[in-house]
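Colleague: I am new to this structure and would like to go through it step by step. Could you show it to me before I start asking?

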Amino acid sequence: MLIAADKFKGSLTAVAVAEHVTAGLRRVVPQLSVEALPVADGGDGTVAAAVAGGFERREVRVTGPVGTEVTAAYALRGDTAVVEMAEASGLQLLPDGVFAPLTATTYGSGELLLAALDAGARTLVFGVGGSATTDGGAGMLAALGARFLDADGEPVAPGGGPLRELVTADLSGLDPRLADVDLVLASDVDNPLTGPKGAPAVYGPQKGASPEDVETLDAALAHFATVLEKAVGPQAAVHAKAPGAGAAGGIGYGALVGLNASFRPGIDVMLDVLGFAPALERATLVITGEGSLDEQTLHGKAPAGVAAAARAEGVDVVAVCGRLALPAEALGAAGIRRAYALTDLEPDVQRCIDEAGTILEDLAERIARDFLA
């Protein structure tokens, strides 16, 4: 039995999901052999999944999204580091109820990458998602040695909004170690940088951006790409339209242009890093899941990636979730044989959130009776 589930956001970590599912299964089959491999798709929880998979947790002090210092973690094993931008620049780091759509910076994400380089990392898995920022990765690149100057030759202020004042971009000062690093941009979104499907339009409102802010940010990021094109050549314009450029407020774009990153779906990267393939060889059934199984799940989220990999090897997959919003046909097409939701047992959503672990154990008991007894 292999449990490869993501977190239930707002109630259970991926590690806790695995623990509760295991407890429920063993009520029915006490001696059941269970292997837990908590997974993530590049967003918040990615470092925790790596640590659960055997990586060492490292903590550093970095610049948070609004300029105050925060403690952020990355994961290291050998010369491979898993860096999660949400640890340094995530929405969860904003003061309660306070958003900074125009001024939030990814500077701390660059500092986190530097820390991983200093620790000897030569392969960087850069998970991007859950950001408070829409600065195109300018802050990250600045922390790594790039310079972004206004008409007076002064550094532009932090955030996406001030990029409209950008006149000169100089990437020649980027840390030279980056040239010898394999940096993989791990994300579950494939948006371009700007336009109707770009970072400001699609994700800006989640970060507190008004319609006027969205227009400002979209124009500022388009201008950013134009200035970078002058600095590094036509590939800057190509990257602006590339899948993943709009990830995490455009930090994907900064990584593609400045760090020579390669883009891969986050769950595919994490399954490789965590050793999912050999674990799958030992499994006769896989349990995956996340808080909400819905239309978004089918577009690069962890359960879909787990199910696709398991189906390719002929291993059955069932899913657990807090809320199920997919019909049986869609689940089947994704490779999920059956889904079990907390709301099947407890219709009160708030109780599902507050008592998720207990209800999940009851749900796992059902799975054991259906598939193992």
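This is a predicted model: local features need pLDDT of at least 70, side-chain atom pairs count only at pLDDT 80 or more; totals for chains, interfaces and linings use all residues.

Colleague: Which residue is the bridge partner of Glu59 in E4, and which residue takes a positive phi in the hairpin of E3 and E4?

Modeller: Glu59 has its bridge partner in E4, and that partner is Ala73. The hairpin of E3 and E4 has 5 residues between the strands, and the residue with a positive phi, near 100°, is Gly67.

Colleague: Which strands stand at the edges of the open sheet?

Modeller: The open sheet has 6 strands with mixed pairing, in the order E3-E4-E5-E6-E9-E10. Each edge strand has a single partner strand, so one side of each is left without a neighbour in the sheet, and these strands are E3 and E10 (262-265).

Colleague: How many bridges join E5 to E6?

Modeller: Strand E5 (residues 80-84) and strand E6 (residues 123-127) run parallel. Thr80 has Thr123 as its bridge partner in E6, and the number of bridges that join E5 to E6 is 5.

Colleague: At what angle to E3 does H4 run?

Modeller: Helix H4 (residues 107-118) lies across E3, E4, E5, E6 and strand E9 (182-187). Axes are lines fitted to C-alpha atoms, for helices over the stretch in contact, and angles run from 0 to 180 degrees between N-to-C directions, contact meaning heavy atoms within 4.5 Å. On that basis, the angle of H4 to E3 is about 140°.

Colleague: Why does Pro192 count as partly exposed?

Modeller: Pro192 has its place in the loop between E9 and helix H6 (199-203). Buried means under 20% relative accessible area, exposed over 50%, and partly exposed in between (1.4 Å probe, protein chains only). Pro192 is partly exposed because its relative accessible area is 22%.

Colleague: How many residues of H9 are buried?

Modeller: Helix H9 (247-258) is one of the elements that each supply at least two residues of the lining of the largest pocket. Among its buried residues are Ala247, Ile251, Tyr253 and Leu256. H9 is mostly covered, and the buried count is 12 of its 12 residues.

Colleague: Which residues lie nearest the centre of the largest pocket?

Modeller: On a 1 Å grid over the protein atoms alone, a pocket is an open set of points where a 1.4 Å probe fits, with protein on both sides within 12 Å along at least five of seven lines, and lining residues have an atom within 4 Å of a point. About 1000 Å³ of space lies in the largest pocket, a volume being the space filled by probe spheres set on the points, which are joined across faces, edges and corners. Of the 36 lining residues, those nearest its centre are Asp41, Asp188, Val189, Gln296 and Lys301.

Colleague: What volume does the second largest pocket have?

Modeller: The second largest pocket is lined by 19 residues, with helix H5 (138-143) and strand E7 (147-149) each supplying at least two. Its volume is about 250 Å³.

Conventions: Residues are numbered from 1 along each chain as its sequence is written. Side-chain values use heavy atoms; hydrogens and water are left out. Two strands pair if DSSP finds at least two bridges between them. Helices (H or I, at least four residues) and strands (E, at least two) are DSSP runs, numbered from the N terminus.
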